[in-house]
Amino acid sequence: MIDAHCHSSSILVRTDAARAFRLMADGGRQGRWALGSWRRRQVDVNTFVGESMFTGAATWVRLHADPERLTVDYEVAASEGALRFRNAARVIDGPALGHPAGTAVVTLFTWRLADQSDDAWAQIGSTHETEMFLIRALLESGRDGEDDDDGDGEA
C-alpha cells in the first residue's frame with residue numbers, strides 16, 4: 001500500500017539497539033548521515049543547525065529523545081522559530097523481531113506536509129531510504145562517532 005501521508009524506511013543493523021539509538025538521538029552525530037542537515041553545529045541543548053546537501057540552505061533540528069522507548073521525535077524547519085514536528089525514529093532490538101542478538105532494526109518516519117509538492121515528497125522518501133544505508137554503514141563500521149572523544153571524526 002502506498003501511504004499518502006507517512007513514509008517509513010527501515011534497516012537491520014549488526015549492532016545492539018542501545019548503540020543504534022544513541023546515534024539516532026545525538027543531534028551532532030546525526031549530521032554524519034542526515035543529508036538534509038549535514039555538518040551540524042549545536043546551538044542549544046537539543047537544537048542543531050546544519051545545511052542541506054541538496055540546496056545548501058540551513059536546516060534546523062530539535063530532538064526529543066526517549067531512551068526508555070528507543071524513540072526520537074525530530075522538529076525540523078528552515079529557521080529556529082519555525083521548528084515543528086516532522087520526523088521520528090524508532091529502534092527495535094533485533095531479537096524482539098526474531099533476529100539474532102546484537103542486531104537492531106532502525107526505522108525513520110516522515111509525515112507529508114499539507115503544502116508539500118509531489119516532487120518534494122518523493123525526494124524526502126528516497127533520501128530517508130538512502131540514509132538507512134548510511135546509518136548501517138556508520139554503525140557496522142564503528143565510524144558512527146560514538147568512540148570519538150575529540151570530535152575529529154576518528155576513534
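Reader: Which residues are linked in a network of salt bridges?

Author: The network joins R19, R22, D26, R29, D144, E146 and D147 through salt bridges. Please note that this is a predicted model.

Reader: How many salt bridges does the structure hold?

Author: The structure holds 11 salt bridges.

Reader: Let us take R19. Which side chain does R19 meet in a salt bridge with an N to O distance of 3.4 Å?

Author: That partner is D147. R19 belongs to helix α1, residues 17-24, while D147 sits in the segment after α3 (118-141), so this pair ties together parts that are 128 residues apart in sequence.

Reader: And is R19 buried or exposed?

Author: R19 counts as buried, at 14% relative accessibility. D147, by contrast, is partly exposed, its relative accessible area being 44%.

Reader: Turning to R29, what forms a salt bridge with R29 at 3.4 Å?

Author: D144 does, with the closest N and O atoms 3.4 Å apart. This pair links distant parts of the chain, since R29 is in helix α2 (residues 27-30) and D144 is in the segment after α3, 115 residues away. Both D144 and R29 are buried.

Reader: What about E146: how far apart are the closest N and O atoms in the salt bridge with R29?

Author: They are 4.0 Å apart. With R29 in helix α2 and E146 in the segment after α3, the pair ties together parts that are 117 residues apart in sequence. The relative accessible area of R29 is 10%, which is buried, whereas E146 has 25% and is partly exposed.

Reader: How many positive and negative side chains does the protein have?

Author: There are 16 positive and 25 negative side chains, and the centres of the two sets lie 2 Å apart.

Reader: A change of topic: what pattern does the protein follow along the sequence?

Author: The order is β-α-α-β-β-β-β-β-β-α, giving three helices and seven strands. The radius of gyration is 15 Å, close to the 15 Å from the globule rule for 155 residues, so the protein is as compact as a globular protein of that length.

Reader: What box do the C-alpha atoms fill?

Author: Taken along the principal axes, the box is roughly 45 × 45 × 25 Å.

Reader: Finally, what share of contacts between residues at least 6 apart in sequence joins residues at least 24 apart?

Author: That share is 47%.

Technical notes. Residues numbered from 1 in each chain as written. Predicted model: local features only at pLDDT ≥ 70, side-chain atom pairs only at ≥ 80, totals over all residues. Heavy atoms only, no water. Helix = DSSP H or I, 4+ residues; strand = E, 2+ residues; numbered from the N terminus. Rg over C-alpha atoms; globule rule 2.2 N^0.38 Å. Contact = heavy atoms within 4.5 Å. Lys, Arg positive; Asp, Glu negative; His and termini not counted. Charge placed at Lys NZ, Arg CZ, Asp CG, Glu CD. Buried < 20%, exposed > 50% of the residue type's maximum accessible area, 1.4 Å probe, protein only.
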